[in-house]
Amino acid sequence: MALKRLIPAVLAGVLSAGTAPAQTGNLTVELNKLEVGEGGTCRAFFLFRNDLGRTLEAFELSLAILDRQGIIDQLLTVDAAPLPLERTTLKLFEFPGIACDGISEILLHDIAACRPQNGEDMDCFAVLSLQSRAAAALVK
C-alpha cells in the first residue's frame, strides 16, 4: 500500500522539477533620446526600468541599427548590466559610423545575456517591453 502512495508522489516531484517558475514583473527598455556625439557618431540614451523583483547581474542586448531606407547599417551588442532591483538606470551607448538622423529604427533581435544576481539565465523576452521617445523606433 505504501508503494502505491509513493509512486504518485515521486511522479509529481519529477514533473514539477522540470518546470521553470513563471517570470513575474516587468523589464522596460526605453530609447529616451539620440544626440550627435563626437566625430558625428550617434549617442543613444537608454533608460532601463527593472521591476522584476531582483537585480540583473548580466544583461546584454544585440541590436540592429536600420538606416532611413530600412536597411541594416550595423549590428552591435551592448552591455547594460548591472540593472538594480526596482530602479531606473540610464545607460549611454555610441553608435559609430551613422548619424542620428540616419537611423529609422533600432531592432532588438537578441538578448545575448539575461541573468539575475545569484541566479540562472532567464528568458527576458517574456517580461520585456520596449518604448521610444526618440525619432527612431525601438522594436523587437
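Modeller: A strand here is a DSSP run of E with at least two residues, numbered from the N terminus. The model is a predicted one. R43 sits in strand 2, which covers residues 42–51.

Biologist: What secondary structure does the chain have?

Modeller: The chain has 1 helix and 8 strands. Along the sequence the pattern reads α-β-β-β-β-β-β-β-β.

Biologist: Why is R43 called buried?

Modeller: Buried means under 20% relative accessible area. R43 has 18%, so R43 counts as buried.

Biologist: What makes the pair R43 and E94 a polar contact?

Modeller: A polar contact needs N or O atoms within 3.5 Å, one able to donate a hydrogen and the other to accept it. The side chains of R43 and E94 are paired at 2.8 Å, so the pair meets the distance limit.

Biologist: Which other residues is R43 in contact with, leaving aside neighbours within four places in sequence?

Modeller: Contact means heavy atoms within 4.5 Å. The list for R43 includes K33, L34, E35, L92, F93 and C100, and E94 is on it as well.

Biologist: Is A44 buried or exposed?

Modeller: A44, also in strand 2, has 0% relative accessibility. The limit for buried is under 20%, so A44 is buried.

Biologist: What does A44 touch beyond residues up to four places away in sequence?

Modeller: A44 touches L31, K33, L34, K91, L92, F93 and F95.

Biologist: How much of the chain counts as buried?

Modeller: Of its 140 residues, 38% count as buried. The accessible surface of the chain is about 8,000 Å², and 54% of that belongs to carbon and sulfur atoms.

Biologist: What share of the contacts with a separation of 6 or more joins residues 24 or more positions apart?

Modeller: That share is 67% in this chain.

Biologist: Let us turn to the loops. What is the peptide bond from A81 to P82, cis or trans?

Modeller: The bond is cis, with omega near -5°. P82 lies in the loop between strand 4 (72–79) and strand 5 (87–95).

Biologist: Why is E86 called exposed?

Modeller: Exposed means over 50% relative accessible area. E86 has 61%, so E86 is exposed. E86 is in the loop between strand 4 and strand 5. Its phi is near 50°, a positive value in a residue other than glycine.

Biologist: How do you know that N118 is exposed?

Modeller: N118 has a relative accessible area of 76%, and the limit is over 50%, so N118 is exposed. N118 lies in the loop between strand 6 (103–116) and strand 7 (128–132). N118 is not a glycine, yet has a positive phi of about 60°.

Biologist: How many cavities of 30 Å³ or more are found in the whole structure?

Modeller: The search finds 1 cavity. The largest cavity has a volume of about 30 Å³.

Biologist: Which residues line the largest cavity, and how are they divided by class?

Modeller: The lining is made of V29, F46, L61, L63, L108, L130 and L138. Val, Leu and Phe count as nonpolar, so the lining has 7 nonpolar, no polar and no charged residues.

Notes: Residues numbered from 1 in each chain as written. Predicted model: local features only at pLDDT ≥ 70, side-chain atom pairs only at ≥ 80, totals over all residues. Heavy atoms only, no water. 1 Å grid on protein atoms, 1.4 Å probe; cavity = no way out; pocket = protein on both sides within 12 Å on 5 of 7 lines; lining within 4 Å. Points joined across faces, edges and corners; volume = space filled by probe spheres on them. Helix = DSSP H or I, 4+ residues; strand = E, 2+ residues; numbered from the N terminus. Buried < 20%, exposed > 50% of the residue type's maximum accessible area, 1.4 Å probe, protein only. Areas by Shrake-Rupley, 256 points an atom, 1.4 Å probe, with all protein chains shown as cover.
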